[in-house]
Amino acid sequence: RALDAIEASQSTHNAYTHVDRESAVAAAKSVDAKRAAGQPLGALAGVPIAVKDVLCTSDMPTTCSSEMLRGFRPPYDATVVGKLRAADAVIVGKTNMDEFAMGASTETSAFGITKNPWDTSRTPGGSSGGAAAAVAAGTVPLSLGTDTGGSIRQPAAFCGVTGLKPTYGRVSRYGLVAFASSLDQIGPMAWSADECALLMNVIAGFEPRDSTSLDQAVPDFTLATESNDLRGVRIGVLRESAQAEGIDESIRNAVKHAIGVFAELGAEIVDVDLPHREYWVPTYYVIAPSEASSNLSRYDGAHYGHRAGAEAKDLVSMYCRSRAEGFGAEVKRRIMIGTYALSEGYADEYYNKALKVRRLIRGDYDAAFSQVDLMLGPVTPTPAFPLGDKIDDPIQMYLCDLFTVGANLAGVPAISLPGGFDPSGLPIGIQLQAPTLEESRLLFAASAFQ
Ligand code: GLN
């Protein structure tokens with residue numbers, strides 16, 4: 001039934017780059033057989049799930065929504081994909097995204113734009129726009145996204161679903177096609193925090209094949225969603241951010257409303273400040289492109305991916321033509337910014353300086369979390385914007401990340417949860433952030449709110 005729903009929604013929303021009836025039916029049958037034989041079943045037995053097309057799947061293409069990887073089939077599964085299979089989930093397909101996860105609207109995909117199921121003239125957000133739209137359209141109850149600077153939380157907000165970016169290192173990145181390795185993290189997207197908790201139980205945990213994976217005990221995240229008594233919980237509110245210029249009135253009101261709900265549930269509301277907040281976006285847009293320029297140097301037309309045809313007369317022109325043809329405009333822009341920021345003579349002024357500012361930003365988080373248990377604020381400055389609105393203006397697109405990149409730079413977990421609607425009926429997201437490894441705290445508060 002999920003497959004029929006996907007096929008019906010695909011022509012309207014284009015949330016998927018690949019739907020795999022054959023693999024999905026085979027997985028569902030093997031679950032049925034296990035059930036019939038009385039064998040123990042995994043935590044997600046028979047549950048249909050969609051996976052962002054940046055995660056390696058051995059039985060389906062993995063394209064990162066790029067011409068560079070059109071039709072590419074990895075020889076192995078990402079760790080999280082293997083864990084889904086071990087939990088008996090049914091992977092129905094791969095979801096559309098901004099090319100190599102660079103963007104905030106899913107409009108940079110080489111496989112067409114994805115439309116927001118709430119209003120098809122608007123973007124679902126990005127880069128995990130397909131994963132958010134797939135859940136919002138009701139084609140799957142769960143999906144996996146990735147978040148380097150907001151790519152789980154912003155599309156979750158635009159599509160009225162719940163999305164969690166775990167602590168950096170909580171979920172193994174093995175088999176995740178790298179964008180910015182010090183920021184990338186895989187996380188769940190679902191209707192509610194309860195389902196995100198279920199999926200976190202399956203995907204979280206130490207893994208030696210990812211050298212940045214955290215060797216820390218993993219709690220049962222579903223336990224966190226059982227209570228809604230927030231007495232004694234201190235929630236810091238970034239007042240100044242909710243009042244900043246350029247923030248839609250409807251977002252401000254949703255944050256205000258959420259503060260009221262949390263106060264009613266017993267939380268103590270405390271004003272907090274993250275003094276270096278104005279440097280979040282500039283710092284992110286030096287560090288992320290720098291790491292991207294290095295990570296994407298592997299696409300040379302020789303190892304894998306698109307290779308230019310016979311017109312390339314020697315090795316260097318083969319490299320150049322393959323990259324010129326395979327990458328889209330935004331990816332090229334990031335590679336150029338990153339190469340410049342890392343180049344000799346400029347690295348101290350840009351990349352190394354950004355690393356220092358990142359340390360200050362982390363310090364702000366440490367100071368704030370010495371006073372409060374959670375922080376509450378907006379996810380995005382506006383609700384979902386119309387398709388085509390920002391795609392020709394990179395700076396406007398980058399400013400979509402105003403509230404989300406801080407958690408990535410600091411490495412802390414953050415969740416986006418549905419927090420109401422604007423007057424035209426578009427969903428609005430509310431963001432909660434927690435100290436390192438405190439995903440349970442996020443899920444507890446989010447579930448109480450819901
Ligand atoms: N919008 C941000 C960017 O374009 C975030 C992307 C992401 O988290 N993958 O870099």
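**Close-up views of a predicted model**

View 1. Helices (H or I, at least four residues) and strands (E, at least two) are DSSP runs numbered from the N terminus. Please keep in mind that this is a predicted model, in which local features need pLDDT of at least 70, side-chain atom pairs count only at pLDDT 80 or more, and totals for chains, interfaces and linings use all residues. Residue numbers start from 1 along each chain as its sequence is written.

**View 2. Helix α6 and its cover.** Helix α6 (residues 193–203) is largely enclosed by the rest of the structure, because 10 of its 11 residues are buried. Here, buried means that 20 or more other C-beta atoms lie within 10 Å of the residue's own, exposed means 12 or fewer, and partly exposed is in between, with C-beta atoms placed from the backbone. Among the buried residues are Glu-195, Asn-201 and Ile-203. Their cover includes the helices α3 (79–86) and α15 (439–449), together with β4 (142–146), β5 (162–165), β6 (186–190) and β10 (414–421).

**View 3. Leu-164 in strand β5.** Leu-164 belongs to β5 and is buried, with 31 other C-beta atoms within 10 Å. Leaving aside neighbours within four places in sequence, its contacts (C-beta atoms, placed from the backbone, within 7 Å) include Cys-196, Met-200, Ile-415, Glu-439 and Leu-442.

View 4. For "active site", an unreviewed UniProt entry lists Lys-52, Ser-127 and Ser-151; UniProt positions follow the numbering used here, feature names are shortened, and annotations may be inferred rather than shown by experiment. These residues span 100 residues in sequence, yet no two of their C-alpha atoms are more than 10.9 Å apart, so they gather at one spot. Ser-127 sits in the loop between β3 (90–95) and α4 (129–136), and Ser-151 in the loop between β4 and α5 (153–159). Both are buried: Ser-127 has 34 C-beta neighbours inside 10 Å, and Ser-151 has 36 other C-beta atoms within 10 Å. Beyond four places in sequence, Ser-127 is in contact with residues including Met-97, Asp-98, Ala-101 and Ser-151. On its side, Ser-151 also touches Ala-101, as well as Gly-145 and Thr-146, among others.

**View 5. The ligand shell.** The ligand has 13 residues around it, of which Ala-101, Ala-104, Thr-148, Gly-149 and Ser-151 come nearest; a residue is near if its C-beta atom, placed from the backbone, lies within 6 Å of the molecule. The shell divides into 5 nonpolar, 6 polar and 2 charged residues. Ala, Val, Leu, Ile, Met, Phe, Trp, Tyr, Cys and Pro count as nonpolar, Asp, Glu, Lys and Arg as charged, and the others, Gly among them, as polar.

**View 6. The largest nonpolar core.** This core has 129 residues, and Ile-49, Val-92, Ala-132 and Leu-432 have the most contacts inside it. Its largest contribution comes from α6, with 8 residues. A nonpolar core is a set of buried Ala, Val, Leu, Ile, Met, Phe, Trp, Tyr and Cys residues joined through C-beta atoms within 7 Å. Among the residues that Ala-132 touches, not counting those up to four places away in sequence, are Pro-155, Phe-158, Val-161 and Met-189.

View 7. The assignment gives domain 1 (2–225) and domain 2 (282–342), with bounds from an automatic or database domain assignment. Their C-alpha centres lie 25 Å apart, and 20 residues of domain 1 are in contact with 18 residues of domain 2. The side of domain 1 that touches domain 2 has 10 nonpolar, 7 polar and 3 charged residues.

How values were computed:
Two residues are in contact if their C-beta atoms, placed from the backbone, lie within 7 Å.
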